[in-house]
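Student: I have not looked at this structure before. Could you take me through the terms used for it and how each one is decided?

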Amino acid sequence: MQYLIDNFFSLTVTGITLGAVYALVALGYTLVYGVLRLINFAHSEVFMYGTFTAMWSVMLLGGHSGASIPAVIGWIVVMFLVAMVTSGLVAVGLERIAYRPLRKRNAPPLISLISAIGASFALSELMGLRDKLAGFFGLDRKLGAYVGQARNNVAVPEILTPQPVFTIVDYQVTNVDILVVVGAILMMIVLDQFVRRSRLGRGIRAVAQDPEAAALMGVNRDRVIQVTFLVGGIMAGAAAVFYLLRIGITRYDAGFLLGVKAFTAAVLGGIGNLRGALIGGFVLGLAENYGSALIGTQWKDVVAFLLLIVILLFRPTGLLGESLGRTRA
Amino acid sequence: MNVFSTTLERTKALLERAKGMPKPAKIAIWALFVVFLFALPVLNIPVITTPDSDFGGVLFTVTTYVLVALGLNIVVGYAGLLDLGYVAFYAVGAYTVGVLGSAHAHLPWLMTVPIAVVAALVAGVIIGAPTLRLRGDYLAIVTLGFGEIVRITLINSSWLGGASGITEVPRPPSLTVFSVPHLDWSSGSPIVDLGNTTTFLKFGITDQIPYYWLALMVIFVVIFFDKRIKDSRVGRAWEATREDEDAAELMGVPTFRFKLLAFAMGAFIGGLSGALFAGKQGFISPDSFPLLLSILFVAAVVVGGAGNRKGIILGAIVVAYFPERFREFQEWRVLVFGLALMMLAIFRPQGLIPPRRTVRAKQADQKLEALEEGTASDA
Amino acid sequence: MPDITDSRTPEVDPTQSVRTRILEVDNVTLRFGGVVALDQVSFHINEGEILGLIGPNGAGKTTCFNVMTGVYQATSGVVRFQGSPLGKRKRFKITQLGIARTFQNIRLFANMTALENVMVGSDAHHSAGVLSAMFGLPRHREEESDGRDRAHELLDFMGLGKKANELARNLPYGDQRRLEIARALATGPKLLCLDEPAAGFNPAEKAKLMELIRKIRDQGYTVLLIEHDMKLVMGVTDRVVVLEFGRKIAEGLPAEVRENPAVIAAYLGVDEDAS
């Protein structure tokens, strides 16, 4: 308890920054669930691939610490572009290969879940076996920096050294903290506008609410679903960059735990509810930090699972209630 | 795909013929089959035997999976509930044996088993009672969460052995009834090797075969009871609940109670399997109970054909045996598994041997199609 | 068609002069958020009668059924079965009390056989549990064979005897409707609620169904019938209750109700013989 009080502000800020990452990834889960009633188990890998390609692009460009501000900005922009494109593509590919065939056959939910799980394992294993795969083409030596240590944590070159910008009571908020939180909120605003204002966004809401009526109104369901996955993927790509800036390492299975937590955040806020995913992410980030301060860091992951169970038992519609279809126009 | 279908067709035809035979003949065939199963590890049949690991041990693993699949089949196949955290019950069974047999007491294995299965049953009720009201996919995630909570708790609890686990777990009690020699095929044809024998039933450290025999016997008992339950009002209630839960309730079926019963029975069997595992392994640690195992268990049921007893047995055999048989490809196992799951979902979601309801539904659909297209010979 | 064995029917003498009220809907209101689905509806059903519940689409007839069978909880008001309020009883308990129903959109257990569907119904009063089943105890075996016999009887009664081992989904439409009734009867109810049992039937089938409903009543069951077809309602019911927009607008003998101006107005524009 004392630990919690002593470190309250650092725990809070760290919780919020981590929560921002959860929130962005949660958006992907909540969007897909709202439109398809499917838990996209493999969304965690969508995120993970974003982290790796962002990392590789920085390595390729020779990113390092202590560089000039334009260079740093340039690298970060590249990271975003690369990660968002990668994650978007992986997400769309997933939809095409693992989910669409099942949708066309009206598969029962258990089967869709099985396919999702299979895709998740396949994708993460591919990353975990990258050294062997490169080896098949004789490239494992040449690409050693990128494909080596396939099963271990790999570190991103630090391009943005955390510098304190201002202080809240006893915690020094760094530039990285600010970047992550502000950046995440910006992305969410963009998404919110997209869903509310654009044609495709309306299509998403229509399909989420009533697929048949939407089809009768001329909404192309397949296209809407593709866009949903794409948008979720892009968000996850952005999250990947924030994650790298904040935490600095990634791994072939980094997706799994983060994915479950992000899903928890989505449920916490109200599955299908975009603002809920936001709130859920931040709440989860904070709860995790405060929780592990109270009961010990080795139980950190349990906090997320317990929260999930408690929410589903006592308020399954989440804090803000389920509602992709009912987002106010 | 075609080769597989024709083999399946031919096997089915053979089984149909076998079904038509008079009772004494059927009993004889079954008896022979059972003897074959028991003799399997000592027969050492060349292609089937695993080159890189002890065949007896592999067979034991396979039977563990079969037992688990039988339990999970009740939950997923009969009652239609999605459970992704089944490994929790397996772990409860194993750890109860470990704790009572080694870590905090020294009860003999046989005494710990009933306590282990009851503990697993209680865990099933505790987990099931609040969560079975949830929708299908939510239930799946919550059970996954519980599985992980159990694993993390095991790692973090020193009184449960922590990350290093519990050693010197007691083994099943031994008796010496007779010894069976192995067959040796190294010269191309079978020779009885009297130097290499397995004793029925001596539970030692090196010879895994008696554990396999024990597990096999447990399986027969479980199948016996499973059959009975399936053909009773309990089985009907499960099926009705799975078909249309609301209608079932309105027809007087206390659906929640039966769902909880299915969950608890599944947990019981999971715990039993865990207890057997602990007894054979002699040592348990949280590493033995990862999420992947829960997924493998579900895969065994789905691959086989959820709801069909023969199917899930086949599924368990496939999921447990192939990775062991092709151990040299160990690195690729999980990748292959993931791809296999995706292909299964897309191309054969009903599983290898789908339950009769799916088969009959398909036959009915085909009949209907034939009628509509005017290709049927009679109505 | 053979009769259902006497030993299974409720202990009611349909000829007794003092009618007891088997069901009372007492000032029941049901609100969903802003929508008032039922508005202070009150009526009763006498033991042994066939009561018709009619009204235009959306009047609240099926909603009424749902409140009576525990699918919805009334916002206010009470439903009394044999004198005691249903309260917050679970749905399966209400069925065990003695109220059974069929559905507007057929809800059979599609992948189970006709026999199995009906046996699920007769299981409602069985008490043998899982241990009984596992060890083949006498109570289990008795209840199984009893249930099976009863199911066969009911199927024969409904004219489905030969189709006992057909999957419910394969049965023709008419048989499915009859199977639903057989299943409901299997639960051993005192009150049988039929929700548009003749929907989609041709006149000949409707006539047969009317026969069947009369036979069921003669066996001692009380029947509550939702129907659109006026001919059927006039032909088979003893009394009629009319709902419109969630309110009761008329109640009485079929002939009276038919002449009631409010009822005619409610149905204006709808063919009397709409089938």
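Tutor: The questions below go through the terms one by one.

Tutor: This is a predicted model, in which local features need pLDDT of at least 70 and side-chain atom pairs count only at pLDDT 80 or more, while totals for chains, interfaces and linings use all residues. Residues are numbered from 1 along each chain as its sequence is written, and chains are lettered from A and ligands numbered from 1 in the order in which they are written.

Student: What makes two residues count as in contact?

Tutor: Their C-beta atoms, placed from the backbone, must lie within 7 Å. On that basis two pairs of chains are in contact, and chains A and B share the most contacts. Chain A contributes 32 residues and chain B contributes 28 residues.

Student: Which element gives the most to the side of chain A that touches chain B?

Tutor: H5(A) does, with 13 residues. Helices and strands here are DSSP runs numbered from the N terminus, with at least four residues (H or I) for a helix and at least two (E) for a strand.

Student: How do the residues on that side of chain A divide by class?

Tutor: They comprise 26 nonpolar, three polar and three charged residues. Ala, Val, Leu, Ile, Met, Phe, Trp, Tyr, Cys and Pro count as nonpolar, Asp, Glu, Lys and Arg as charged, and the others, Gly among them, as polar.

Student: Where does chain C make contact, and how is that side divided?

Tutor: In chain C, 30 residues are in contact with 25 residues of chain B. That side of chain C holds twelve nonpolar, ten polar and eight charged residues. Chain A and chain C do not touch, as their nearest C-alpha atoms are 15 Å apart.

Student: Why is H9(A) called roughly perpendicular to H11(A)?

Tutor: The axes of helix H9 (residues 199-209) and helix H11 (residues 221-247) of chain A come within 9 Å and cross at roughly 105°. Axes are lines fitted to C-alpha atoms, for helices over the stretch in contact, and angles run from 0 to 180 degrees between N-to-C directions. Angles under 35 degrees count as roughly parallel, over 145 as roughly antiparallel, 65 to 115 as roughly perpendicular and the rest as oblique. The crossing angle therefore makes H9(A) roughly perpendicular to H11(A).

Student: Why does Arg37(A) count as partly exposed?

Tutor: A residue is buried if 20 or more other C-beta atoms, placed from the backbone, lie within 10 Å of its own, exposed if 12 or fewer, and partly exposed in between. Arg37(A) has 16 such neighbours, so it is partly exposed. Arg37(A) sits in the loop between helix H2 (8-36) and helix H3 (43-60) of chain A, and its phi is near 55°.

Student: What about Phe245(C), buried or partly exposed?

Tutor: Phe245(C) has 15 other C-beta atoms within 10 Å, so it is partly exposed. Phe245(C) belongs to the loop between strand E9 (239-244) and strand E10 (247-252) of chain C.

Student: How do you know that chain C agrees with a compact globule?

Tutor: The radius of gyration is taken over C-alpha atoms, and the globule rule is 2.2 Å times the number of residues to the power 0.38. For 275 residues the rule gives a value near 19 Å, and chain C has 19 Å, so the two agree. Of the residues of chain C, 47% count as buried.
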